[in-house]
Amino acid sequence: MAEVVAQLKEQVASQNRELEYARLKIQVLEERLRLVRIQKYGPSSEKLSNLQLELLEQEPGVSQEEVAVESERKAPPPVTEQKKRKHPGRQTLPAKLPRVERVIACTPEQCVCGNCGAETTVIGYEVSEVLDVEPARYFVQVTKREKRACKTCPEQGVTAATLPVRIIDKSLVSDRVIINTVVNKYCDHSPLFRQSVALLRDAGIDISRATMCGWVMTIGEMLMPVAGAMRNQLLAGTYIQADETPVDVQTHDGSGTNHQAYLWQYGTPEGMTVFDFRMSRRREGPLNFLGNFEGLLQTDGYAAYDRVGGPNMVHAVCWAHARRYFVDAVKLNKQDAASIRAVELINALFSIDAQARNEKMDDATRHALRHEKAPPLLEEIRTHILEMSKTVLPSSAPGHACRYTLALWKKLIRFLDYPELELSNNFAENSMRPIAVGRGNWIHIGSETAGPRVAAILSVIESCRRLKIPVRDYLADILPGLASAPRQSVADLTPAAWAAKTSSMRLV
């Protein structure tokens, strides 16, 4: 009898284990399904319950506006008396913008006194300012080069004034039109076919997309040596943040499909950045770019960044990526208290650096603040994640977050040893956002040979953005004559060198 009871207990225990495993498996599948639906319907859908998301699946052609409205359908929070914030007042317009005055005269009736009939006198003006704009004005620039000859010495021949160097010799358009085309495409994400249509509409001139593409490729080829000099300057430093993003490339093999290539980005926080085009995401990309770099390299957890650089290079990873995995877990399950706590603890870690930024601390002072506040917080984070990992399914979203963070723990805490090291790789990720926006407009890179040229243009434009350099002024200054410039002089034409030169000229 006892043996039968034991067998029954074992069967019950086995069934309970199977049920628990099935429950956890269902939970993981529901999490994955919810994540797919959130990605499908956008950020607004994060607020929706699983039932609401399921109902959306049954509605054909649901718009983002409908999802946003649905996400707001919940019980309103209790009304609490809030202090009215003081209105910041009317925004002032930048002082550097030119002012064009327009005087509005009073009507004849206002120019006469209503009492005695005498003519009134102007005693001042009511002044207001609004931002105005003039639409792009296309015109034909006629260049007349003076020709001279001696009437008494005809054997001396005729001399003419020298024509200024142009970006593309004998081009139908000016340097400014060419630069504008490049800036519109890679800063404002306007594809060439739209620019071609706009030129026809506004100027009445039909310039094909192929011609414009030729301009862009010429500029890219001219900027490749500049990007190479930027790479050398970057590798001579001590700290690089890196990231990568996919970009489609036309294959021209008749298949009608694109090849997924990658743009790898390497830069310094708030400094210049260099893009490197590669046809794959393999380790050879960072391996070839970094060479024997011996400084700090900060990336996400992608394995391709391992075993690159010189023997003394230090590899650190990003806390924002670790936090993001826990945030994803909370999106999937709003009641996941353990993941919510992990996010709160990591937020507290970021608040240390936020304090340093608000108080405008230098790296040394911030390093002292980190050593004062971070170690006990890091210990609490690690302890919490270790305990959490014992109670979650490894393949679930919380399980993946725990596994990722614990596996990279030594690389995550290296900011304690290096004062200049940032907690996150966000500067590198921010450099990728314009590419992500651009991909939706210019769709793909035309060919494999075009990739390095596009990378050179993006390197210059993104570096100008980070260094707060007017990109049109920079390109207009360095591009004419760049193709024939000596290689050794290119290092003086990088955005950082140009900014330093123009700044010193203003001080003189």
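Biologist: Why does Tyr325 count as partly exposed?

Modeller: Its relative accessibility is 27%. Buried means under 20% relative accessible area, exposed means over 50%, and partly exposed is what lies in between (1.4 Å probe, protein chains only). The 27% of Tyr325 therefore makes it partly exposed. Bear in mind that this is a predicted model, where local features need pLDDT of at least 70 and side-chain atom pairs count only at pLDDT 80 or more, while totals for chains, interfaces and linings use all residues. Residues are numbered from 1 along each chain as its sequence is written, and side-chain values use heavy atoms, leaving out hydrogens and water.

Biologist: How many aromatic pairs does a search of the whole structure find?

Modeller: Seven. Rings of Phe, Tyr and Trp (its six-membered ring) pair if their centres lie within 6.5 Å; planes under 30 degrees apart count as stacked, over 60 as edge-to-face and the rest as tilted.

Biologist: What makes the pair of Tyr266 and Phe289 stacked?

Modeller: The ring centres are 3.9 Å apart and the planes meet at 5°, so this pair is stacked. It also links distant parts of the chain, 23 residues apart: Tyr266 is in strand β4 (residues 258-267) and Phe289 in helix α7 (residues 284-290). Helices (H or I, at least four residues) and strands (E, at least two) are DSSP runs, numbered from the N terminus.

Biologist: Are Tyr266 and Phe289 buried or exposed?

Modeller: Tyr266 has 0% relative accessibility, so it counts as buried. Phe289, at 4%, is buried too.

Biologist: And what is the aromatic pair of Tyr325 and Tyr404 called: stacked, tilted or edge-to-face?

Modeller: Tilted, with 4.6 Å centre to centre and 55° between the planes. Tyr325 lies in helix α8 (residues 319-332) and Tyr404 in helix α11 (residues 397-407), so the pair ties together parts 79 residues apart in sequence. Tyr404, at 13% relative accessibility, counts as buried.

Biologist: What lies over the face of Phe289?

Modeller: Arg231, at 5.1 Å from the ring centre. A charge sits over a ring if NZ of Lys or CZ of Arg is within 6 Å of the ring centre and within 35 degrees of the ring normal. Likewise, Arg281 lies over the face of Tyr302, at 3.8 Å.

Biologist: What joins the side chains of Gln265 and Thr273?

Modeller: A polar contact of 2.3 Å. A polar contact is a pair of N or O atoms within 3.5 Å; within protein, one must be able to donate a hydrogen and the other to accept it, and residues adjacent in sequence count only if both atoms are side-chain atoms. Gln265 lies in strand β4 and is buried, with a relative accessible area of 0%.

Biologist: Which residues are buried in helix α15 (residues 471-478)?

Modeller: Val471, Tyr474, Leu475 and Ile478. Seen down the axis of α15, its buried residues fall within an arc of 90°, so they line one face of the helix. The arc is that of the directions from the helix axis to the C-beta atoms.
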